[in-house]
Amino acid sequence: MTGVTRSRIPALLAGLNGPQTLGNSRLFWVLWLAGVAAFALLPCVASRYQVLTASNFFISAILALSLCLIWGFAGILSLGQAAFFGVGGYAYGIVGINLIEATGESGAALVVGALAPALLAAAVGALMFYSRLKGVYVAILMLVVSLLLGLFMRQTADPAYAIGGAYLGGMNGLGPATASDPSIPNLTLGFGELVAEFDGRGRSFYWLALGALVAVYLGLRWLVNSSFGYLLVAVREDERRTETFGYDVRLIQLGAFCISAALAGLAGALYTAWGTYIHPDGFSVGPNILVVIWVAVGGRKDLTSVVVATLSLSWISIELATWGEISLLVLGVILVAAMLVAPEGVFATLGAWFGRLMVRSRRRPAPPPTAAAKLGAAR
Amino acid sequence: MEWSGQVFSWIYQYFDNMAFLLLAASGLILIYGMMGVINMAHGELMMIGAYVASAAFYVGAPAPVAIVAAGLVAGLVGIAMERLVIRHFYNQLLSSLVVTWGLSLILSQGVLLALGPSTMNMPTPFGSFSVGGFSFGVYRMVLFATAIGLIAGVWALFRFSSFGVAARAAMENPRMASALGVDTKRVYTATFAIGSALGGIAGALFAQTAAISPFFGQNYTPMAFITVVMGGGASAILGLVYAALYLAGVQTIASNVFNQYVGYVSIMAAAFIGLLVMPSGISDFVQKRRARRMAR
Amino acid sequence: MSAPILEVRDVHKVYGGVRALNGLSLSVAAGEIHCVVGPNGAGKSTFFKTLIGVERPTTGQVFYKGQEVTKLPAFRRARLGLSVKFQNISAFGELTALQNLFVPLRRNHRKADIPARASAVLARVGLAGVEDTPVRQLSHGQQQWLSIGLSIAAEPDLLLLDEPAAGLSSEETARTAELIRELNRSGMTVVVIEHDMGFIRSLRARTSVLHYGRLFAQGGFDEIATNEDVRRIYLGAA
Amino acid sequence: MRAPVRSSLASSLFVLSVVGGAAVATPASAKDKITVCTIDDLSGDFSIMSTPKTYGYKLAVKEINDAGGIEVDGKKKLIDLISYDGQSDVKRYQEMAQRCVFENEADVVMAGYTGAEREAARKEVVRNKTIYWHNNQGEGGIADHYSFFAGPTPEQQVLPAIKYMVEKIGPRMTFIGADYNFCRAIGQWVRVAAGLAGGKIEMEEYFPFGVSQWQATIDKIKGAKPDFQVHCLVGADQVQFYPQAQAAGLKTPVWSNVTISDGYEHKRFAPPSLANLYVPPGYIEDVPGEASKAFVAKIRAMFPSTPYVNEHAAFGYVAVKAMGEAWKKAGSTDTEKTIAALESDISLPDAPGGPWIMRGKQHHAAMHTYLFKVKEDHTLALVSDLGMTEPQFLTSIGVDMTKKAPNRQFLPPDNPEWKKYLAP
C-alpha cells in the first residue's frame, strides 16, 4: 500500500505516512481534514456544555497519545502514565499561582507543566532502564511511582505544604495559600499588553485544545514515521538485535519515555487550566488504568485509532454516568465485548479491515508484486 | 508491659503483615505466574467469597464450612470467567488487564445492583491471648497459619501431583504438552479455577475482620499485584514468599521505628527500590546469586 | 597467521547450576572465516552470546582487536566494528526492508544518502527491489539474507553469524555460503556458528569443535571431518 | 484508509450536534420547572453512605411537588430533580457539575460526600455563579457566597461531645485518624475541644487510607492508657481497626464522628466489634421524636430496601426543603434573591433531627446533635441530647456572609484565641 501511495501524495504528507500508521491514502487525509474541520466548527452548533466537555476529551486524547507512543511504538508498558499527567497538572497550577500576578500570563506555567514530568521521567526512567527493568516490572514500578506521589499529595492538608503562594491542599486539591494569593489561573498566553486568556469553559479554549491535539497527533505521526520512529519499532520488536547495531537501547527508551512524559504533562497542565482545579485522586489506580483502556480499546499500534477510541469512550462513559447505578456495569460490558471482538483494538482492526476492503473494491492488488514477493508466495 | 511482650508484638505484626500479602496474592500468583494474565477481577473473586461465606454463616453453617463454600463458588465463577473470556488473553499482560478490569466492573456493580451496597460481616472468632502484658487477637495468627498452609498446598500440588506436572508442562510449552497428550485447555481452566478458589477463600477469611461491600476486593488487588511482581517469575510460589517476607519486614520495621504512615509508604518505597535492584523480581535474583556462587 | 581479532580466554558460564561454558579458550585471526561447530548443548549459543555481549561470562575474558571487552555492553562492541546475526531471523518484521536498513545505516550516514546505500546493501545480498516490502511478507530465506544485510550495513570488521543456514533449502544454503565467501573476500572476518556439518563443508574454513563447554578440537575442515573423536561425539549426541 | 473510523467519528459528531440542537431547544420547557441537580456516589466505595442521600432528595421533591410545587414569578412551579452518579470518582464530580450548570441550567447543585468530591463540584458550580449545597458533615469553615451546608460542622459535634466525654469519662485521650483534610481538621478541633474542656491528648497520629493492620497502633494506645480514644478512621481498610481492637482486648471507650452516622457500621460489622463506641450524629434513624419517626416511615415507604436511614438521607431532605422555603420566600429562582432569602435564617421546625435553622451569616445551620453509644449487641443507646448547637466559628473570627463573603475556607488556626490549644 505504501509503495503505491508514496508517489501520489504531496511531499508535505510523505513525512506523516508510513506503515507505522494506518491511514496513508489521499482518501484518509481528505476525511481527516473533514473531521478536523467539523470539530473546529462544532462550537457554532453545539451547546456550551458540549464544547467544554469536548475540550476535556481532547486533553484526554493527548494523554492517550502519550501512552501510545511508549506502549505501542517503543514497547514500554506503563501503568503510571497518569502520574505524569498529575505532575504536569500540579506544576501548571503551582507555577501559575505564583507567576500570574507578576507576569500576567501562564504560558511559562504550561511549559513547566510539560518539563516537570519530563524531568521526573528522566530520573525514574534512567533508574529503570539502566537497571534493565522490562515489561511488567516497568508497568508495576510506574504504578508504584504514581501511588507514592498520590500518597504524598493526599497528606498535604497541612498549611505548611505551600510553595510560594500555592497551597498543595491535600485531598481538597491545589489552591491559593492565603486570601491574598490568586487562585489557579486560566491559560493566558502572550506578553505584556498582548495577552489572550483562554477560559476553560469557552470556545477559545476549545480551539486551543483541538489545536494542541492536532499538533501532537501530527507531530507523533511524523516522529513514528521518521528514522527515529523505525528505531523505536526496532527496539519494540527486538531490543537485543537493535543493540547489536551499536545503539544504546536504554537511551532510546529513555528518550521516548521523556517525550511521552512531557506530552502527558502538557495534557495535565491543560486539564488544570481547563477546570482551574487539580486534585490527588488522579494518581490512584483507576485513572492510570483508564489511560491503558483508551489505548488498548483503540489499538495501541495506531495513533489515529487511539484518538478515536479516547474520544468515543470518554463520550460514552460521561453519557453513561447520567444513567445512574447501571453505568459502570454497562461500561464493563462494553470493555469486555470490545476486547473479545478485537483484541488488537477495535478501531485499529476496523481501520485495517476497511483498508483491505478499499483495496479489493478497486480491484487492484496492493503492492506491485516484486520478484521477491513472488518468490515468497511460491514458498 | 515487658520486653518479651514488645518483642512478641513485633513478630506478631510481621506475621500479620505477611499473612495479608500472602492471602491477597495467593490466587493471583497462579493466574499471573502460570498464565501471564493480570487479573484485575481477582479482588471481585475475593468479594464473592466474602459474600458467600457471610451468607452461609448467617444461615447457620459453621465458619469452616462457610469458607469452603466461598472457595467453591469463587472457583465456579472463575471457571465461567476463564471459559468465556480469559482464555483469549493468555500471556497478554495489558490486554488481560483491560478485559479483567471490565469484568471487575461487571461483577462489583452487578453485586451492588443485586444485593445492595453492603452486608453484615462475620464475627472475628477465637478471642485473644496475652504475652508479657500485651494482648493479641488469635485470629490474625490463624490467618497467617492458613496462608502458609494454602501456599504450601499449592506448591505441593504443582510440584508433586500429576496435574501439577501437566500444568507446568502446559505453561512451559503448550504445543509440546498437548502433543504429549495433556489437555491444555482443561489444565488452564483448572489452574484458573484453583486461583479463583484461593481468592474466594482469602475473601472469606478477610470477611471475618473487614466490612463487606461490593467493592471489598478492590482494596487488595494493587498491593497483591505489587507483591506478585516483586516475587518474580523464576519460581513463582517461592518468589511470592520472598516478596512477602521482604515487604512485610520493611513495613514492620518502619512502622515501629517511625510510625504507621511511614510503614505504609515504605512498602511502596521498598517495592520501588527492590525492583530497581532486582529487575526481574526476587526469585530470579536469588536464583542468579546461587548460580554465581556455584560457579566459584 | 595474522594477529587474532577476537580471543576468548578460559571463559566459564553457569546458568542455574548448568555449566554451559567450562574453560573455553579460542582465538580468531583477522581476515579468516572461522567455523564453530559442536553437538547440541555443546555451548555454541552461550559462546555466541558472550562474544556479542548479551551475556557476561561468569569468569574469564574476551578480547577484541587486542582490547578487553568482557564487560562491555553489546552496543559498545557493535561500535567497535563487531556485527552479528542471530540464529532466529532477526530483521524487524513490522518495518519495510528499507526501513530496516535505516536502523544500522542512520548511525553513520546522512538521511539523504540512506536509500541509495540501502539499495546497494540489498543488491549485495541478492534482494534488489524489495525496499518497500514489509519484512513479514518476505520468504524465510529472504529474511535470513536481509538479516545478514543489516549486519553488513553497519560495515563491520568482524561478522558473527549464528546458524545462517537454519531452515534454508539446499539452493538457498549454497547461495548463503557464496555470500559469506564473497564478504570474506572483501576483507571481513567472519565467524560462523553452525550445527549443520554440510553447510560447514561448503565453506571449507578453519573449524573449532566445542564439546561440554570446552574447545574439543581445531583445524582445517578436512582435518576435523576425519577426526574420529569428533565423529564419535556427533554420533553419540545424535 | 480509515474512512470507517472517520465516518463513525463524523456520525458521532452528528449525534453530538443533534443532541446539542435538542439541548438548545429544551430550555423553554425547562423554565417551567425548578431544576435541582444532584451528584452522589451511587456506585463505588462510597455508595454505602451516599445512596440514602438520594432517597432524601427524592422524598423532599415528591413532597413539594405533591403539594403543588412552589410559587415563583407568580406561578406554581414543580421541581425537576436530576440525579447523576459520581461513581466515587473526583473527576466525574467536576464533569457532572458542569453538566448540571450548563446543560441542565440547574437552579441549585447539591453534590459530593468527601471533601475532594465536594471541592471538585463546588469549585465548578460557584465559579459559574450557581448555588451549591453540601449535605453531610464536613470540615466546616467554608465561607463562600454561593455555598451552603446542611450538615453538622466539627464545632457542633466535637466541642459538645468531647466536653461530655471529658466530664463523664476522664480527661486523657488518644487521637488516630486518616491522613487527609477532614481528619486533620477534626484533629485540630479535638485539640481545641480538649483545651476548652480541660482534657489532655496523649497521642495523635494520622494514617494513609490503605492501612488495615493495626496491631502496632493498638499496642501504642494501650501503652498510653487513655480514658477514651478519639477516632477519625475512614474507608473500608481503616475501619478494620474495630474488630482487631476487640480481638486484641482493647476495650477503652471510643468517640468518633465519622462512624455510624454515614456508613452505619453497626449494621455491617458483626457484634460486638463496635461496642463502647460513642458517636455524635446530627441525625440517624435512632434519633427519638415524632419528626424522626415520621421521616423514617416515609423513607421506608418509598424505598423499602433502605438498609439504614443515615445522616445523608436526613440532610439531603433538609437541603431540598430549605431551598423550597427560600424560593417561596424570594418568590423567584433568581440566584441573588434566593441567596438573600437563605441568608434570612430560613428555618425548618420539623426537620428529621429536630428544628434546623440556616444561619445566614455563616451559611451553616443550627441543629440538634445527639450522643449515642453502641451497645454489645450493636443497638444504639441515646446517651445525651447535646441540644441545639449553633455554628459560631465563622462569626467568632469576624466573618459575616451577609455583608462580605471571603470565598475561602477557615480552620481552627484562624482563630487567634485558639493558638494556645493548637500548639503541639
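Colleague: Which pair of chains shares the most contacts here?

Modeller: In this predicted model, chains A and D share the most contacts of the 5 pairs of chains in contact. That contact takes 53 residues from chain A and 46 residues from chain D.

Colleague: And which elements of chain A supply the side that touches chain D?

Modeller: At least two residues each come from helix H3 (26-45), helix H4 (48-73), helix H7 (135-154), helix H13 (303-320), helix H14 (327-341) and helix H15 (346-361) of chain A. H3(A) gives the most to the side of chain A that touches chain D, with 8 residues.

Colleague: What is the make-up of that side by class?

Modeller: The side of chain A that touches chain D has 25 nonpolar and 23 polar residues, together with 5 charged residues.

Colleague: OK, what about chain D with chain B, how many residues are in contact?

Modeller: There, 36 residues of chain D are in contact with 37 residues of chain B. On the side of chain D that touches chain B, at least two residues each are supplied by H3, strand E9 (200-207), helix H8 (215-224), helix H9 (235-238) and helix H10 (241-247) of chain D, and H8(D) gives the most, with 5 residues. By class, the side of chain D that touches chain B has 14 nonpolar, 14 polar and 8 charged residues.

Colleague: Where does that leave chain C and chain D, how far apart are their nearest C-alpha atoms?

Modeller: Chain C and chain D do not touch, and 18 Å lies between their nearest C-alpha atoms.

Colleague: Switching to the inside of chain D, what does the domain assignment give?

Modeller: The assignment for chain D gives domain 1 as 32-152 + 288-367 and domain 2 as 155-285 + 415-422. The centres of domain 1 of chain D and domain 2 of chain D, taken over C-alpha atoms, are separated by 28 Å, and the contact takes 23 residues from domain 1 of chain D and 18 residues from domain 2 of chain D.

Colleague: Which elements give two or more residues to the domain 1 side?

Modeller: On the side of domain 1 of chain D that touches domain 2 of chain D, these are helix H3 (47-66) and helix H12 (311-330) of chain D, with the largest share, 4 residues, coming from H12(D). By class, this side of domain 1 of chain D has 11 nonpolar, 9 polar and 3 charged residues.

Colleague: Back to chain A, what does its pLDDT average?

Modeller: Chain A averages a pLDDT of 87, and 92% of the residues score at least 70. Among the elements of chain A, the highest mean pLDDT, 96, belongs to helix H11 (residues 249-275) of chain A, and the lowest, 37, to helix H16 (residues 371-378) of chain A.

Colleague: Where does pLDDT stay under 50 in chain A?

Modeller: It stays under 50 over residues 1-8 of chain A, for which the model has 16 contacts beyond four places in sequence, and over residues 364-379 of chain A, for which the model has 30 such contacts. Where pLDDT is low, the predicted coordinates should not be read in detail.

Colleague: Last one, what is the strand order in the open sheet of chain A?

Modeller: The order of the 3 strands is E1-E2-E3 (chain A), with antiparallel pairing, and the edge strands are strand E1 (162-163) and strand E3 (175-176) of chain A, each pairing on one side only. E1(A) and strand E2 (residues 166-167) of chain A pair over 2 bridges, and the bridge partner of A:Ala162 in E2(A) is A:Tyr167.

Key
Residues are numbered from 1 along each chain as its sequence is written. Chains are lettered from A and ligands numbered from 1 in the order in which they are written. This is a predicted model: local features need pLDDT of at least 70, side-chain atom pairs count only at pLDDT 80 or more; totals for chains, interfaces and linings use all residues. Domain bounds come from an automatic or database domain assignment. Two residues are in contact if their C-beta atoms, placed from the backbone, lie within 7 Å. Ala, Val, Leu, Ile, Met, Phe, Trp, Tyr, Cys and Pro count as nonpolar, Asp, Glu, Lys and Arg as charged, and the others, Gly among them, as polar. pLDDT is the predictor's confidence in each residue, from 0 to 100. Two strands pair if DSSP finds at least two bridges between them.
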